[in-house]
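Me: I have a structure open here and want to go through a few parts of it. Can we start with the strands and then move to the helices?

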Amino acid sequence: MNNRQIFLSNLAQTTDFPLLIEVEKAEGIHLHGPNGEKYIDLISGIGVSNVGHRHPKVIDAIQSQLDKYLHLMVYGEYVQTPQTHLARALCDTLPPQLDNVYLVNSGSEAVEGALKLAKRFTGRREIISCVNAYHGSSHGSLSVGGNEIFKRAYRPLLPGISHIHYGNPNDLEKITEQTAAVIMETIQGEAGIRVADRDYFKALRKNCDETGTLLILDEIQAGFGRTGRFWAFEHFDIVPDVVVCAKGMGGGMPIGAFIANKEVMGVFKNNPLLGHITTFGGHPVSAAASLATVQILQEEKLIQQVESKAELFKSLLVNPKIKGIRNKGLMMAVEFESFDVLKPIIDRAIKLGVITDWFLFCDDSMRIAPPLIISEAQIQEACSIILQAIEEA
Ligand code: PMP
C-alpha cells in the first residue's frame with residue numbers, strides 16, 4: 001500500500017507550464033523553496049496577496065478567531081461577529097447604495113450568486129457577458145466566460161447567454177428589455193489587461209438603466225486596491241448594481257462576496273431557502289482575515305502608492321523586445337512579440353529569482369501583479385532581473 005502511486009490533481013497538467021516550484025514558506029513579497037531558493041512574487045496568486053504573504057495583522061486576526069469559533073451554521077441562523085464587522089467595513093468602501101453584502105467562498109460562487117440574483121430580481125433570463133471574459137470555472141460562471149475553447153467540452157452550458165466586445169460602444173445596443181444582467185470585468189484580466197474608457201462605462205450604465213438591466217461588475221481580480229482605487233469602477237465614475245469580489249479580499253484566505261442594494265438583495269432575503277445557500281460561505285476565520293485586509297489597505301495607505309509604483313515599473317521595463325505595457329495600477333501586462341519569445345524569458349526570470357507568468361487568453365504578455373506592499377527598491381531589483389532575463393533568454 002505504501003508504494004501506491006498517488007497524484008495531486010491540482011498540479012498544472014501542461015508540460016509547458018513554468019511554475020512547478022515547490023514552496024516551503026511565503027513571507028511579504030517572497031516565496032522560499034526547500035533548498036534555500038528565494039523568489040520575488042510578481043503574481044500574488046493572481047491578485048490574492050495584495051497585502052503580501054502572511055501579513056502579521058492577517059495572521060493575528062486568524063489566530064484570535066481560532067480561539068472563538070470555526071463554523072456555526074449554514075442558513076444564517078446565527079449572527080457571526082466577524083461577518084457583520086466585515087460587511088460594515090466593505091460597505092464603508094462602497095457608494096452608499098451598495099449596502100447589502102452576501103458572503104460566499106470564492107469568485108466563481110460570487111458570480112453564481114450575482115447571476116441568480118439578477119434572474120430573480122428582473123424575472124428575465126438573458127445574460128450578456130464579454131468576449132474573452134473570465135468569471136470562474138463552475139458551470140454558471142463558465143457559461144458567462146468568453147473563451148470558446150474553455151467552454152466547448154462542457155456544453156450544453158447555461159442557455160440565454162450572448163457576448164459583446166468589452167469596450168466597444170457599438171455593441172451596447174444588444175442590451176434590451178429581455179436582458180437580466182450584463183456581467184463584465186471592470187478591467188479584463190485574463191484577456192491580458194484590457195481597460196475600457198470612461199465614456200464606454202457611462203454609456204453602458206445608461207443602456208442598463210434605460211432597459212432595467214442589472215450591471216454586475218466583476219472586481220475579483222481588479223478590486224481591493226489593485227488598480228489604485230479600492231474598487232476599479234471608481235476610475236470610471238459609475239456605480240454598478242452588483243459588485244462581485246473575492247481573491248484579494250481574504251488576504252490569502254478563501255472568501256468572496258456579491259454586493260447589491262437593499263431592493264435587489266431583498267429578493268433573496270425575503271425567501272432565503274430559494275436564494276443562495278452556502279455551507280462555508282463567509283467562513284468566520286476568512287471573514288476575520290478579510291476585515292484585517294481591508295484595514296491594512298487603509299492604514300498602510302497601500303492604495304495611494306499603487307500609481308507611483310506602477311509608473312516605476314513602466315519606467316524601468318524598457319527594452320527593444322518589450323512591445324508595450326498595458327496596465328491599470330499594479331494590474332499590468334508587458335507585451336512581447338509572441339509566446340515563443342516570452343516563454344524563455346519567464347523561465348529565465350524564475351531561475352534568476354523572479355516569478356511572473358502569462359494570461360489565460362493572452363500568451364504574448366507577461367503578467368505583473370505584485371503584492372501592493374512591494375517597495376521601490378524591490379521593484380528595481382525585480383525589473384533588473386527581468387531585463388537580465390530578456391538578455392539571457
Ligand atoms: N473572475 C475573475 C475576473 C477572476 O480573475 C477569477 C479568478 N481568476 C474568477 C472570477 C474566479 O474566481 P475563483 O477562482 O475564486 O472562483
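Me: Which residue in E17 is the bridge partner of phenylalanine 359?
Reply: Cysteine 362 is the bridge partner of phenylalanine 359. Keep in mind that this is a predicted model.

Me: OK. How many bridges join E16 to E17, and in which sense do they run?
Reply: E16, residues 357-359, is joined to E17 by 2 bridges, and the two run antiparallel.

Me: And how many residues sit between E16 and E17 in the hairpin?
Reply: The hairpin of E16 and E17 has 2 residues between its strands.

Me: What about E14, in which sense does that pair with E17?
Reply: Antiparallel, over 4 bridges, with E14 covering residues 331-335. Within that pairing, isoleucine 368 of E17 has methionine 332 opposite.

Me: Is E17 mostly covered or mostly open?
Reply: Mostly covered: of the 7 residues in E17 (362-368), 5 are buried.

Me: Switching to helices. At what angle do H4 and H8 cross?
Reply: The axes of H4 (residues 107-122) and H8 (residues 262-269) cross at roughly 95° and come within 9 Å. Angles of 65 to 115 degrees count as roughly perpendicular, so that is what H4 and H8 are to each other.

Me: Which residues meet there?
Reply: From H4, Leu117, Arg120 and Phe121; from H8, Val264, Val267 and Phe268.

Key: Residues numbered from 1 in each chain as written. Predicted model: local features only at pLDDT ≥ 70, side-chain atom pairs only at ≥ 80, totals over all residues. Axes fitted to C-alpha atoms, helices over the stretch in contact; angles between N-to-C directions. Parallel < 35°, antiparallel > 145°, perpendicular 65-115°, else oblique. Contact = placed C-beta atoms within 7 Å. Buried ≥ 20, exposed ≤ 12 C-beta atoms within 10 Å, placed from the backbone. Pairing = 2+ DSSP bridges.
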